[in-house]
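Colleague: I have not looked at this structure before. Please take me through it one question at a time.

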Number of protein chains: 2
Amino acid sequence: MAAEPVTRGRPREFDPEEALSAALQVFWTRGYEGASLAELTEAMGITKPSLYACFGNKEALFHKALDLYERDKLCYMRSALDAPTARGVAERLLRGTLQIQTGGSDPRACLGVISMVACTTQADSIKTDVIARRASSDKALVERLERAKAEGDLPAGVEPAAIATYLTAVIQGMGVQASGGATPAQLEQLVETTMAMWPTV
Amino acid sequence: MAAEPVTRGRPREFDPEEALSAALQVFWTRGYEGASLAELTEAMGITKPSLYACFGNKEALFHKALDLYERDKLCYMRSALDAPTARGVAERLLRGTLQIQTGGSDPRACLGVISMVACTTQADSIKTDVIARRASSDKALVERLERAKAEGDLPAGVEPAAIATYLTAVIQGMGVQASGGATPAQLEQLVETTMAMWPTV
DNA sequence: CCATTTTCATACCGATCGGTATATAGGCAT
DNA sequence: ATGCCTATATACCGATCGGTATGAAAATGG
């Protein structure tokens, strides 16, 4: 994070990080295609030319919002992998997801889930990006579970990749239920049930 | 299904059921908001005035498409409840979902999942409808699992409502993964893993 | 044969979409 | 003070959105 090199010309009157954070909220509630430039600029408190000068265009803005989302909201995913046992990893992942989904006003799915399911039209660049990020995080989870299996932390018959896919599916399904109006209590119950299903060594 | 009462005036040149089926395909791949009237009319082989005369408007068309979807694609849900055991119910639900998602060209989520997650803008009528249908199907599943528990078909500590929510989440997560480019083999593996997790009596 | 009724094809409607041209305002360095 | 450079504000762009007005075409009832 180097300081601004020089400030030539009129200084901008908004904080790009604050604006990006506001854009993220809009994308999160509306999805990529559902978020209009009018909504975005109003939430960000800037005009369209400022948005384009600072962020490029709507698509570039979304990619930057995804960066911020991973950095701010999905950081629990990395720290979850530090749990001592596979069971602990699963529980941290589930509880972290629960916290994100129920943190705002009303529960909603992960932004990645929304983008994967919703983006259909010409937004293959968006979808490709989201899928790549998901694949990277899946890879880390699989590696962690492989280590767990080597440490005797998973039953012998359990394939790490398979259980990673399974856990991811439950987490994504939680997001769908959140989008469908599930209450925080229901989502927490889902976490409990999933943990009760987790295989014992 | 009464026959057409009388045919006065110029007869229509298309089959409404075929047109509706084509519209369903478009909605299923594009989502409600992502499907444009241009795409719809082209796929249906009719013009916009014909669409509006026959189906009302885009929203009414979607509701009718949802009816058709439930009738044609989701019928396995009802028959799954006829399985003799709770485990059989779960397996039929999972395999039925797998079949639907991998039946077309490339895997995709259930239309209900797409609609719940994606519809954000003014389409609360759409979302309300989808959520109500989901609630109805959830209710049937819960009742079936309650019966299973009464029959000693579920472990004592398992709450029917909780495991119904859990199973629904896995199924919805399967849809998200299908949207995210999962292969049929991966989806089948997810079914296997979920079944391996299913509690034993 | 004609009037009526309904559908079809075309062209059009206002609103909104993402994106920009233009001109003004506000900071630096000289 | 004067250029110079950049951000701002406003108005505008073509394209597309969902939805319709209009008139011709195709069937029936009389």
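Colleague: Which residues form one aromatic cluster with A:Phe27?

Modeller: This is a predicted model, so every value here is computed from predicted coordinates. One aromatic cluster is made up of three residues of chain A. Beside A:Phe27, its members are A:Tyr32 and A:Phe62.

Colleague: Is A:Phe62 buried or exposed?

Modeller: A residue counts as buried under 20% relative accessible area. A:Tyr32 has a value of 8% and is buried. A:Phe62 has a value of 0%, so A:Phe62 is buried.

Colleague: What kind of aromatic pair do B:Trp28 and B:Tyr69 form?

Modeller: Both B:Trp28 and B:Tyr69 are buried. Their ring centres are 5.2 Å apart, with 75 degrees between the planes. Since over 60 degrees counts as edge-to-face, the pair of B:Trp28 and B:Tyr69 is edge-to-face.

Colleague: Which helices hold B:Trp28 and B:Tyr69?

Modeller: The two residues lie in parts of chain B that are 41 residues apart in sequence, and the pair ties those parts together. B:Trp28 is in helix 1 (residues 16-30) and B:Tyr69 is in helix 4 (residues 58-72).

Colleague: How many helices and strands does chain A have, and what percentage of its residues is buried?

Modeller: From the N terminus on, the elements of chain A read α-α-α-α-α-α-α-α-α-α. That corresponds to 10 helices and 0 strands. The C-alpha trace of chain A spans about 65 × 40 × 30 Å along its principal axes. Of the 201 residues in chain A, the buried share is 52%.

Colleague: What covers the buried residues of helix 10 of chain B?

Modeller: Helix 10 (residues 184-197) of chain B has 14 residues and reaches 20 Å from its first C-alpha to its last, close to the 20 Å expected. Its buried residues include B:Leu187, B:Leu190 and B:Val191. The cover includes elements of both chains: helix 9 (160-179) and helix 10 (184-197) of chain A, with helix 6 (86-101) and helix 9 (160-179) of chain B.

Colleague: Which residues come nearest to DNA strand C?

Modeller: There are 22 residues around DNA strand C. They divide into 8 nonpolar, 7 polar and 7 charged. Those that come nearest are A:Leu37, A:Lys48, A:Tyr52, A:Lys58 and B:Glu13.

Colleague: Which helix supplies the largest share of the surface near DNA strand C?

Modeller: Helix 3 (48-55) of chain A and helix 3 (48-55) of chain B each supply at least two residues of that surface. The largest share is 3 residues, and it comes from helix 3 of chain A.

Colleague: How many residues surround DNA strand D, and which helix gives the most to the surface near it?

Modeller: The count around DNA strand D is 23 residues, with A:Glu13, B:Leu37, B:Lys48, B:Tyr52 and B:Lys58 the closest. Sugar and phosphate make up 69% of the DNA strand D atoms that come within 4 Å of the protein. Backbone N or O atoms lie by phosphate oxygens at A:Glu13, 2.6 Å away, and at B:Leu37, 2.7 Å away. With 3 residues, the element that gives the most is helix 3 of chain B.

Key
Residues numbered from 1 in each chain as written. Chains lettered and ligands numbered in written order. Predicted model: local features only at pLDDT ≥ 70, side-chain atom pairs only at ≥ 80, totals over all residues. Heavy atoms only, no water. Near = heavy atom within 4 Å. Helix = DSSP H or I, 4+ residues; strand = E, 2+ residues; numbered from the N terminus. Nonpolar A, V, L, I, M, F, W, Y, C, P; charged D, E, K, R; others polar. Expected span 1.5 Å × (residues − 1). Buried < 20%, exposed > 50% of the residue type's maximum accessible area, 1.4 Å probe, protein only. Contact = heavy atoms within 4.5 Å. Phe/Tyr/Trp six-rings, centres within 6.5 Å; stacked < 30°, edge-to-face > 60°. Polar contact = N/O pair within 3.5 Å; in protein donor to acceptor, adjacent residues only side chain to side chain.
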